[in-house]
Amino acid sequence: MTSPHAALPIPEAGILELRETVRGFDREQLLWSSGYLAGLANAAEAPRGAVASATTPDPDAWTILYATETGNSRRIAESLAQRASESNVKAKLEDLTNVRPRLLSRLERAVFVVATHGLGDPPEGTEAFFEFWHRDDAPRLEGLEYSVLALGDSSYADFCEIGRRLDTRLTELGATRIAARVDCDVDFDDDADRWSSAVLDRARRDSDIAAPARTVLRAVPSAVSRSHPFASRLLANQRITGPGSSKDVRHIELDLASSGLRYLPGDSLGVIPENPPALVDAVLKATGIDGGTTVRLDDDSVPLAEALRAHREITALSRPLVDKLAARRPAVSAILDDRDRLRELFRMHQVIDLLSEWPARWGAQELVDALRKLPPRLYSIASSPDANPDEAHLTVAVVEYERFGRLHWGAASNFLAAGGHAIPVYVEANEQFRLPADPDTPIVMIGAGTGIAPYRAFVEHRREHGHRGDNWLIFGDRNFASDFLYQLEWLRYRKEGTLARIDVAFSRDGSEKVYVQHRIVEQARRLHDWLERGAHLYVCGDAERMAGDVNDALLRVLEQEAGLSPERSIERLAELKAGGRYRRDVY
Amino acid sequence: MATTESPVEKIKAHSDYLRGTIVASLADAASGGLADDDTQLSKFHGFYQQDDRDVRADRARRKLEPAYSFMIRVRVPGGIATPEQWRTLTEIAKSHANHSLRLTTRQAVQLHGVIKRDLKATIRGINDSLLDTIAACGDVNRNVMCSPLAELSGVHERAFEVAAAISEHLTPRTRAYHEIWLDGDKVAGGADQEPIYGSTYLPRKFKIAVAIPPQNDVDIFAQDLGFIAIERRGELSGFNVSVGGGLGMSHGEPDTYPRAAEVIGYCAADRAVEVAEQVVALQRDYGDRSNRKHARLKYTIDDRGIDWFKRELAARLGFRLEEARPFRFLRRGDSIGWVRDHRGAWNLTLFVPQGRVIDSDEHRLMSGLAEISKAHCGDLRLTPNQNLIVAGIPDRARIGTLLDEFGIAELQAVSPMRQLALACVALPTCPLAMAEAERYLPELGAKIDELLAKSGLADEPISLRVSGCPNGCSRPYLAEIALVGKAPGRYNLFLGGSADGRRLNSLVEENIDEARALARLDRLFSEFANRRREAETFGDYAQRSVVESS
């Protein structure tokens, strides 16, 4: 039996040295150091071939595999690893983007924390793993014991699809489920906890040898968290699209002074919103329930109107409400049986549409129970913490539109834009979207609409620190005259030399629609030159169309300029991705 | 005198005959504007970068650059355009500009609100119609003016030919214009040259006009160089030459001042081009290139004396100008309405309020004129008073019907004072404007009309000119009444210009608001009505009662 320390990537002497170095650091210094080390780790470009775990897995150990898009799966997996180590259960943490699919064949005990992204897709970088195991000729997994925690968002029709399919598939391949799969919605804390406990119970029963607890250097969570947000003050709320724009995009500045919150460019800010009062009224009117009716929320009793305003999601549709309604309205039930219509329902309808189009007699408590907890909304932070100490800036598209003859609102965007109240926030780290560690590395920032936000943080940060790497912005939106977000700043940066180049694509200015992917192809030679110089590529913005179109354009650049075959281009892009040189933050 | 060159001189010198980085500026999609230096060079190509000043601050708050657009000035030598050219301009105004044309006080046409990505197509379209924009602005000879007078068209025809010949002769020769806008072939390195201007062109703009007495509609005394047509037995014999006019000045800078041109002699008609070239060359060599506010020909003459100027000119020409011939100007305004020329054809002078050719709900001037230009086989003449003459009409009835149909006929019923009134563009587009002018003129004009009517002067042709700044684009210092902008709602009041445009007016009150200006005019109108001498004009009355008695 090997000692758990043997699994550590640093020899024991190294650990001791590290401890010596940080001796006497206070909490804040320790926190900073952990972030610093994480940054180094993130920036280190893993050499190709070394990304996959090379050591023979310890058959007794539990391998915790996670597939994450926003970092939630990773955090749950880390927390499980921590609890396992505290319980003397040997556990090893693996990011599915870094493992070879076949690793699974060699494991005896694996637990998965798997997110579903977008329209039923696996998280970025994990596609190969899932494709492999869903192939008809996938190897059998008779010796494997496993369990799956599925993360998702029930406002999409394909809720938890990736986790669900994995669970089914592993059973098909002969693996043994040791704890039932749990499907988590955006408010996942309790469900994730329940599943982790079940898995740990089982693991403890297995583990008859008490191993010494291993010490893990990990970030101590900030006192401010999703469950304990900081009440920030709105410092600025400025519309930055012109008067003629089809969109209302706001530049929001929030005061983080005394919050203790720390962030890096690339991170997101979680905003815990309240619903628009007009929407609360509309829901009450559609259901005919008195807003003063008392309802139970966990341990609290509050008036229904209050529950709808501050505690329940009444914008995006979620599955329980559809299920409840289907039980009494055959029309809805029929939709549930038709995958295409169900997707369409989730894509186009909100809570108010369902309640209005299929009126039913709802009890106040019943309604509250059918709605999910009001989830926080994540916004990529648009500022450098060093250029703007104690502040976080956001770029927020205010969502308000009419459909089916009814007004619809975005909860968080309107909450922010309305102002006049504290904004509860926390920081959601995004290790997937970081500046290169080397200040001389060139970067290409590709984004559309509010996807420009993290780039403002990037460029501010590099400017603030005098980084010399070239910065190239490729931005797209609808109209030049009104929608060039932060235009004055970009032009100033270009004039002073911070930005080497700006390319823009405005889709509604000319007779032909031009998007960022067109600019990428136009600039193929230059882009290839930048890649040859070691540039990192970033893509931020719309996941549904832009991210894929940009990916295709990048493949074309590689085919055209590097003379690669289509297959080889795909591989090359995957290499860039694996090497941390092609990063995406799409939503 | 300072000896360092002004920054614009350096830009010109390094521009490779006006190329600068205009091509790169046009290709830069991240800004709606040009690189700074190119905004100077663009003028030589006929366009100015402007921005809507009404929204500038708001856009800055939204982190958006100013709402840049471009004013393109189309050269129309002598103001004569064909109906086809007029229709082309109308179409371009609809497709690429702000659905209006602006007739200028130099008989040119301006397109406003053209955005950068439409510049090339616009300038190309203009050239396709055989008009152009080169040298419509910039430190070169601008659009050559010529009285569009219809009554004496025997002289007019010949005078116009001279104006057109001068214009052609003084057009810059650089290939940059063709290269950039018309996709002309690139000139091999260093092959470009400017035989008249040289690589740094003139120190400042240069203005030439041809006047045909008794009409001084071109304001000959406001021009750097003027040719006053002298008639002999119904034919053009030659020109009196005037030099050193110019109306620009700067508030609070006594070294800058408006100056009326002086007549220095006479030349035969066939020597006018030569004279023009040598006056331009003289100014090229002696004009002040260190201070742009002191760079017009008028300062060159005042700094060195008119005798020096005449000697230098004679030396360059190789002959002396003859003694000036007698001439007499009677008026500057246009005679709105129908008039028959010597061949019996009808000519219609249309009043165009503020020179804005635009469609409103009641008055569809732009569409109506486009329609007229389809029905019309003569030509169209732009007047120096920003009006339009439909010249050589065989079928008067057809045009009359169209005027009624498009609501243009109703626009013609304005007082003589309003027919003469001029205002510069000013806010919101002119970057120099300190106060309103063009947008304010209709309101101000109506109020002054009331005052005139009160004193029984409703039919008096008094010239009123409003300018948004002291630079004098609406030629305010030659008006009988002028308001020159100081700040929003504040103007300097000038009185006492002569009706024939020969005498400058004088500053009588500084930095006053409208109420005060109107009160002053009200008193003066009533005095004038009671005390005027036989045939005395308001300008002359104000000169003796206000200017000379103070």
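This is a predicted model: local features need pLDDT of at least 70, side-chain atom pairs count only at pLDDT 80 or more; totals for chains, interfaces and linings use all residues.
## Buried and exposed residues

## Helix H15 of chain B

Helix H15(B) runs over residues 441-454 and contains 14 residues. From its first C-alpha to its last it reaches 20 Å, close to the 20 Å expected at 1.5 Å a residue. The face turned away from its buried side carries the exposed residues Glu443(B), Ala446(B) and Glu450(B).

The buried residues of H15(B) are Leu441(B), Leu444(B), Gly445(B), Ile448(B) and Leu452(B). They cover an arc of only 100 degrees around the axis, and therefore lie on the same side of H15(B). An α-helix has 3.6 residues a turn, so residues three or four places apart point the same way. The cover over these buried residues includes helices H14 (416-420) and H16 (514-531) and strands S16 (422-423) and S17 (464-467) of chain B. Just after the helix, Gly456(B) takes a positive phi of about 70 degrees.

## Helix H19 of chain A

In helix H19 of chain A (residues 524-532), Leu527(A), Trp530(A) and Leu531(A) are buried. Seen down the axis, the buried residues fall within an arc of 100 degrees, so they line one face of H19(A). Arg525(A) and Glu532(A), on the other side, are exposed. Among the elements that cover the buried residues are strand S17 (443-448) and helix H20 (546-562) of chain A.

## Contact between the chains

In the interface, 17 residues of chain A are in contact with twelve residues of chain B. Helix H17(A) gives the most to the side of chain A that touches chain B, with five residues. The residues of that side divide into ten nonpolar, five polar and two charged.

Conventions. Residues are numbered from 1 along each chain as its sequence is written. Chains are lettered from A and ligands numbered from 1 in the order in which they are written. A residue is buried if 20 or more other C-beta atoms lie within 10 Å of its own, exposed if 12 or fewer, and partly exposed in between; C-beta atoms are placed from the backbone. Helices (H or I, at least four residues) and strands (E, at least two) are DSSP runs, numbered from the N terminus. The arc is that of the directions from the helix axis to the C-beta atoms. Two residues are in contact if their C-beta atoms, placed from the backbone, lie within 7 Å. Ala, Val, Leu, Ile, Met, Phe, Trp, Tyr, Cys and Pro count as nonpolar, Asp, Glu, Lys and Arg as charged, and the others, Gly among them, as polar. The expected span of a helix is 1.5 Å times one less than its number of residues.
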